[in-house]
Amino acid sequence: MIDNIKNITIRNMNSCINLFQKSIDSIRVGAANSSLIENILVEYYGKKFFLNKISRIIVYNTNTLKINAFDKTINNAIVKSILKANIGLNPYIKDNDIFISLPPVTNEKRKQLIKLIYSEGEKTKINIRLVRRDANIKFNNMYLDKIIDKDSKYRIEKEIQIITNDFINKVDKIISLKESILKKQ
């Protein structure tokens, strides 16, 4: 039971890291990349779909993305969804395709992106700590129910703290890597 709780804790912390990595990957740092827009939700026949499920996203050149919708009637809905996502992109329709020209990253924009990365990193650290708290509550309840003794409870909480520190260090490494990439651009 203790190992099960630890495994669930590790799995949940990994989920936090994966979500953080996905959100960080969508931040543009130079060249065009389909990950910038592939997870934008588009309403299509009353349901919401990810953009990459209803269209083909092509890197047209180093600073332009081309979206080729499978159903051309939803081009306007795709454009509206991209604008609604508020990620600073201005799509336009040309010859039944949607194009997005990515402006060069200015120093001011670069600073904003770095702040955004740090902000997302802090949110991820908070989520990791919440996962730790949930595990510690479960171990405390086991102690109160006399399933484990006090020494075991403290030993397990110490192990969970070490795991938490490892995941927070992973977040810090992801932040510093993305920041160094942004500063080089």
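Predicted model: local features only at pLDDT ≥ 70, side-chain atom pairs only at ≥ 80, totals over all residues.
Let me begin with a definition: the expected span of a helix is 1.5 Å times one less than its number of residues, and helices (H or I, at least four residues), like strands (E, at least two), are DSSP runs numbered from the N terminus. With that in hand, helix α1 has 24 residues and reaches 35 Å from its first C-alpha to its last, which is close to the 34 Å expected at 1.5 Å a residue.

Residues are numbered from 1 along each chain as its sequence is written, and side-chain values use heavy atoms, with hydrogens and water left out.

Let me stay with α1, residues 2–25. Which of its residues are buried, that is, under 20% relative accessible area, where over 50% is exposed and anything in between partly exposed, with a 1.4 Å probe and protein chains only? They are Ile5, Lys6, Thr9, Met13, Cys16, Ile17, Phe20 and Ile24, and these buried residues pack against α4 and α5. In general, an α-helix has 3.6 residues a turn, so residues three or four places apart point the same way.

Now to the way the helices lie together, where axes are lines fitted to C-alpha atoms, for helices over the stretch in contact, and angles run from 0 to 180 degrees between N-to-C directions. Helices α1 and α5 pack at an angle of about 10° with their axes 11 Å apart, and that makes α1 roughly parallel to α5, a term for angles under 35 degrees, whereas over 145 counts as roughly antiparallel, 65 to 115 as roughly perpendicular and the rest as oblique. Their contact, meaning heavy atoms within 4.5 Å, includes Ile10 and Phe20 of α1 and Ile160 and Phe167 of α5.

The axes of α4 (residues 107–144) and α5 (residues 150–184) come within 10 Å and cross at roughly 170°, and α4 and α5 are therefore roughly antiparallel to each other. Within α5 sits Glu179, which is buried with a relative accessible area of 15% and, leaving aside its neighbours within four places in sequence, is in contact with Ile114 and Tyr118. In the loop between α4 and α5 we find Lys146, a residue other than glycine whose phi is positive, near 60°, and which counts as exposed at 74% relative accessibility.

Turning to the strands, two of them pair if DSSP finds at least two bridges between them. Strand β1 (residues 41–44) has a covered face, Val42 and Tyr44, and an uncovered one, Leu41 and Glu43. Four bridges join β1 to β2 (residues 47–50) in an antiparallel arrangement, with Leu41 opposite Phe50. Tyr45, in the loop between β1 and β2, has a positive phi of about 55° although it is not a glycine, and Tyr45 is exposed, with a relative accessible area of 70%.

Finally, there is an open sheet of four strands in the order β3-β4-β6-β5, with antiparallel pairing; its edge strands are β3 (55–61) and β5 (91–94), each pairing on one side only. Strands β5 and β6 (residues 97–101) pair over four bridges, and Tyr92 stands opposite Phe99 in β6. Helix α3 (residues 75–84) packs on this sheet, touching β4 (64–69), β5 and β6, and its direction makes about 165° with that of β5.
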